Amino acid sequence: MIQITRAADLAMVGANGGGWVAPEGTAGPIALGVPAAPWAGLGAISDDGLKYGIDEESKEFTPWGVTSAFRTQVTKSVRTFGVTMWETKSPVVKSLMFRIPTADLAPGPDGVAKFAETASPSPDRRSFYFIVADGDSLEGFYVPSGEITDRSDVQYKGEDMVGYEVKITAYPDAANNTVYHQFTAKAPVVPKDLPTTKS
């Protein structure tokens, strides 16, 4: 019977994590962990966690007289991140949801903050950073230029937490990269009783 090496420490459960936003072009953190200013936290994210989306399309080229393609060309390759932000009264979260500078959401003398939604929104690109944590196993995603491109309806009702569910699209930077990845790397542990093959 074949014995397969299975290393649980190389698997990951998205048990915890967080997200941060900063002005577009802000340098990404060098080390995995909570980034320093000007990065601002998104606060509590729903238990749906973080969704990393890969949207690709391709075109196949099949020669005349042949039934299988001999070349495939990628015609679309988009990376997205999806989160539901629960701290909807945070100026940072409001700023993202409604494309308004955080400074414009400062409360007045009466303690009330006010803003209006425009019918002609301008592009609102920012830098984003996400971390997924499973104990001491970490994976980070740095988006130098991203923008919220989809916002779900906001439901207000008694038995649910109000949340802003958004999708962030990553755009290419000057180096033509959309997402920079970091993760804690580990060498797999091979069980001692696993037989090895001799060449």
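So, how many bridges join strand S4 to S7, and do they run parallel or antiparallel? Seven bridges join S4, residues 71–85, to S7, and the two run antiparallel.

Quick housekeeping before I go on. What you see is a predicted model, where local features need pLDDT of at least 70 and side-chain atom pairs count only at pLDDT 80 or more, while totals for chains, interfaces and linings use all residues. Residues are numbered from 1 along each chain as its sequence is written, and side-chain values use heavy atoms, with hydrogens and water left out.

Strands (E, at least two residues) and helices (H or I, at least four) are DSSP runs, numbered from the N terminus. Two strands pair if DSSP finds at least two bridges between them.

Okay, back to S7. On another side of the pairing story we have S6, residues 137–151, joined to S7 by five bridges, again antiparallel. Have a look at threonine 169 in S7: its bridge partner is threonine 80, and glutamate 147 stands opposite threonine 169 as well. How covered is S7, residues 164–170? Mostly: five of its seven residues are buried. Buried here means under 20% relative accessible area, exposed means over 50%, and partly exposed is in between (1.4 Å probe, protein chains only).

Most residues other than glycine have a negative phi, and most peptide bonds are trans. Here, though, the peptide bond from alanine 37 to proline 38 is cis, with omega near 15°. You'll find proline 38 in the loop between S1 (16–23) and S2.

Then there are two positive phi values in residues other than glycine. Arginine 99 has phi near 55°; arginine 99 lies in the loop between helix H1 (91–98) and strand S5 (126–134), and is partly exposed at 34% relative accessibility. Asparagine 176 has phi near 70°. That asparagine 176 sits in the loop between S7 and S8 (180–183) and is exposed, with a relative accessible area of 62%.

Last stop, aspartate 47. Where is it? In the loop between S2 (40–41) and S3 (51–61). Aspartate 47 counts as exposed because its relative accessible area is 69%.

That's my lot; over to you.
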